[in-house]
Amino acid sequence: EDPGSATGSSGYAVNPWDNTGPSSAKINCGPRLQLGRTPDGNYITFSWSESDTNFVNAGHKWNVLPDIHTRCLAVGVAPGCAYVLSPTEINVSKPAVGTGTINPKVSSKAFLHYMSPVEVAETVFTSVNTATVDIVTPLTIANSSPLQQLTNNTTWYATAKLSYSFGCNVVGAPENTFNSPLSTNIYPNPTNNNATLFVELKDNSTPILISVFDFVGREVKTIKAEGQAGENNISIDFGSLASGIYMVNIKAGNITSTKKLIIQSK
């Protein structure tokens, strides 16, 4: 729903930016989809620009009065809640009454927005079956009046605290230990190729079974290692796996633990 930027393209006439140069080109309003995640990879926020639902021009609903909306995905921070999408949708540039102050400079005028790729999960509120997560999300929005290409346009900055509710308890223990009696950790995490799995056992347990699952739940790697009481450090080569987010299931005897692993671009 983005009005055209080139002469003769659909929506060009209602594109609010001025035209300049021999081609009379305008600026694209930037209805971009963007993603950001918390440093631990637990939550992924995505934002997009959306037309004001009350605006219609010449029978077309062009994105010339955009607001910025966000939603959030819990990647896999507790058992049974991997990849849960929050039903909460937030209008960042026009917050609901009681949740923030509307800035008339960007409300329904949120052009060329950018969202930080790194965010912070500041506060987590939990109940028996639900959780609300506050995520601090840095955003910038460009808007001036008038919208002129050859002048210094204004960029507005906000660090918005966005609250998302989930339909299950997405909150695990710190560092994603999932409250398991089996003490485990993976470092470094994120990693590029090799990582070390730390497993602390109370009793001798042979073997330790390690299963790695990809984003859609397919088992992509299986490792068996000898375990002994106390600390165990198991070196694992992840070089054959593509970049992305994986779940690592560790089983020792009848006890299991699940960790999230992020493999960075190589």
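Where does Pro190 lie? Pro190 sits in the loop between strands E10 and E11, and Pro188 has its place in the loop between strand E10 (183-187) and strand E11 (194-201) too. Keep in mind that what you are looking at is a predicted model.

Most peptide bonds are trans, and most residues other than glycine have a negative phi.

| Peptide bond | Form | Omega |
|---|---|---|
| Tyr187 to Pro188 | cis | near -10° |
| Asn189 to Pro190 | cis | near 15° |

To find Ser24, look in the segment before strand E1 (34-37).

How far can you trust the picture? The protein chain has a mean pLDDT of 79, with 82% of its residues at 70 or more. Among the elements, strand E7 (residues 120-126) has the lowest mean pLDDT, 57, while strand E13 (residues 219-225) has the highest, 91. Then there is the stretch of residues 172-180, where pLDDT stays under 50. The model has 25 contacts beyond four places in sequence for that stretch. Where pLDDT is low, the predicted coordinates should not be read in detail.

Strand E13 is also part of an open sheet: four strands in the order E13-E12-E15-E16, with antiparallel pairing. E13 and strand E16 (255-263) are at the edges with a single partner strand each, so one side of each has no neighbour in the sheet. On average, neighbouring strands of this sheet are turned by 20° against each other, direction ignored. Zoom in on E13 and its partner, strand E12 (residues 208-213): six bridges join the two, and they run antiparallel. In this pairing, Leu209 stands opposite Lys224 in E13.

The largest pocket has a volume of about 510 Å³. Its lining is made of 23 residues, and the closest to the pocket's centre are Val92, Ser93, Pro95, Thr101 and Ala160. Which elements give two or more residues to this lining? They are strand E5 (90-91), strand E8 (131-142) and strand E9 (155-166). E9 gives the most, with seven residues. Sorted by class, the lining of the largest pocket has 14 nonpolar, seven polar and two charged residues.

Definitions and conventions. Residues numbered from 1 in each chain as written. Predicted model: local features only at pLDDT ≥ 70, side-chain atom pairs only at ≥ 80, totals over all residues. Heavy atoms only, no water. pLDDT = per-residue confidence, 0-100. Contact = heavy atoms within 4.5 Å. Pairing = 2+ DSSP bridges. Axes fitted to C-alpha atoms, helices over the stretch in contact; angles between N-to-C directions. 1 Å grid on protein atoms, 1.4 Å probe; cavity = no way out; pocket = protein on both sides within 12 Å on 5 of 7 lines; lining within 4 Å. Points joined across faces, edges and corners; volume = space filled by probe spheres on them. Nonpolar A, V, L, I, M, F, W, Y, C, P; charged D, E, K, R; others polar.
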